[in-house]
Amino acid sequence: MLDFNAPEFVVVAIVALIVIGPKDLPKAMRFVGKWFGKARAVARQFRSGFDSMVREAELAELEKQWAAENARIMSEHPPAALPAPEAEVHAVGEDAAPVMVEQPAILGETPGVSAQAPTPKRARKPAAVAAEPVAEPAARPAPKPRARKAAAASAEPAAKPRTRKKAAPPAEAAE
């Protein structure tokens, strides 16, 4: 598109320096760069929109080819007619009575089974019984202002700001 080689670029730079001047040249270059960026963004947006339209057209064409191929295959191999499934009808009277099953045995209730559970190797401490309601912790007092700020505000209202002392120039040798 724009093809600059080194000698042409040098000639353009010298002409721009003479015409615009060294003072306004950075502003002009920034302005030109901004417009080139905008132009590239518009071109990129146009190209992406064009690419998406091409992709959609290709997909539509592929879909038409697929539909034609599918129709050809279906005409060559028609689906076999399957018999309709028979509906199963159950009369209410045909259902059998529910079967009662014995409940499983629970430890301690059945004869011959020990009611005690095996003891763990470590005994846990018994949980404390809360007889009294637990008191909520007291509210914290408001934080105190920092001492430095308070002292500076009350003691020295017009304090001078600290400044660094400049180093004295080295004494010159005898003149």
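In this predicted model, V10, V11, I14, V15, I18, V19 and I20 together make a nonpolar surface patch of about 650 Å². One of these residues, V11, belongs to helix α1, which covers residues 6-20. V11 counts as exposed because its relative accessibility is 51%, and the exposed class begins over 50%.

The largest pocket holds about 370 Å³ of space. Its lining consists of 13 residues, and those closest to the pocket centre are F9, V12, A16, M29 and V32. Two elements, α1 and α2 (25-76), each give two or more residues to this lining. The largest contribution comes from α2, which supplies six residues.

The lining of the largest pocket divides by residue class as follows.

| Residue class in the lining | Number of residues |
|---|---|
| Nonpolar | twelve residues |
| Polar | one residue |

As for the chain as a whole, its secondary structure comprises three helices and zero strands, and the order along the sequence is α-α-α. The chain has 175 residues, of which 1% count as buried; a residue is placed in that class when its relative accessible area is under 20%. The accessible surface of the chain amounts to about 19100 Å², and carbon and sulfur atoms account for 63% of that area.

Definitions and conventions
Residues are numbered from 1 along each chain as its sequence is written. This is a predicted model: local features need pLDDT of at least 70, side-chain atom pairs count only at pLDDT 80 or more; totals for chains, interfaces and linings use all residues. Side-chain values use heavy atoms; hydrogens and water are left out. Patches are made of residues with over 30% relative accessible area and no salt bridge: like charges are joined within 9 Å, nonpolar side chains (Val, Leu, Ile, Met, Phe, Trp, Tyr) within 5 Å. Accessible areas come from the Shrake-Rupley method with a 1.4 Å probe; for residues, only the protein chains shown count as cover. A salt bridge is a side-chain nitrogen of Lys or Arg within 4 Å of a carboxyl oxygen of Asp or Glu. Helices (H or I, at least four residues) and strands (E, at least two) are DSSP runs, numbered from the N terminus. Buried means under 20% relative accessible area, exposed over 50%, partly exposed in between (1.4 Å probe, protein chains only). On a 1 Å grid over the protein atoms alone, a cavity is a set of points where a 1.4 Å probe fits but cannot get out, and a pocket is an open set with protein on both sides within 12 Å along at least five of seven lines; lining residues have an atom within 4 Å of a point. Grid points are joined across faces, edges and corners, and a volume is the space filled by probe spheres set on the points. Ala, Val, Leu, Ile, Met, Phe, Trp, Tyr, Cys and Pro count as nonpolar, Asp, Glu, Lys and Arg as charged, and the others, Gly among them, as polar.
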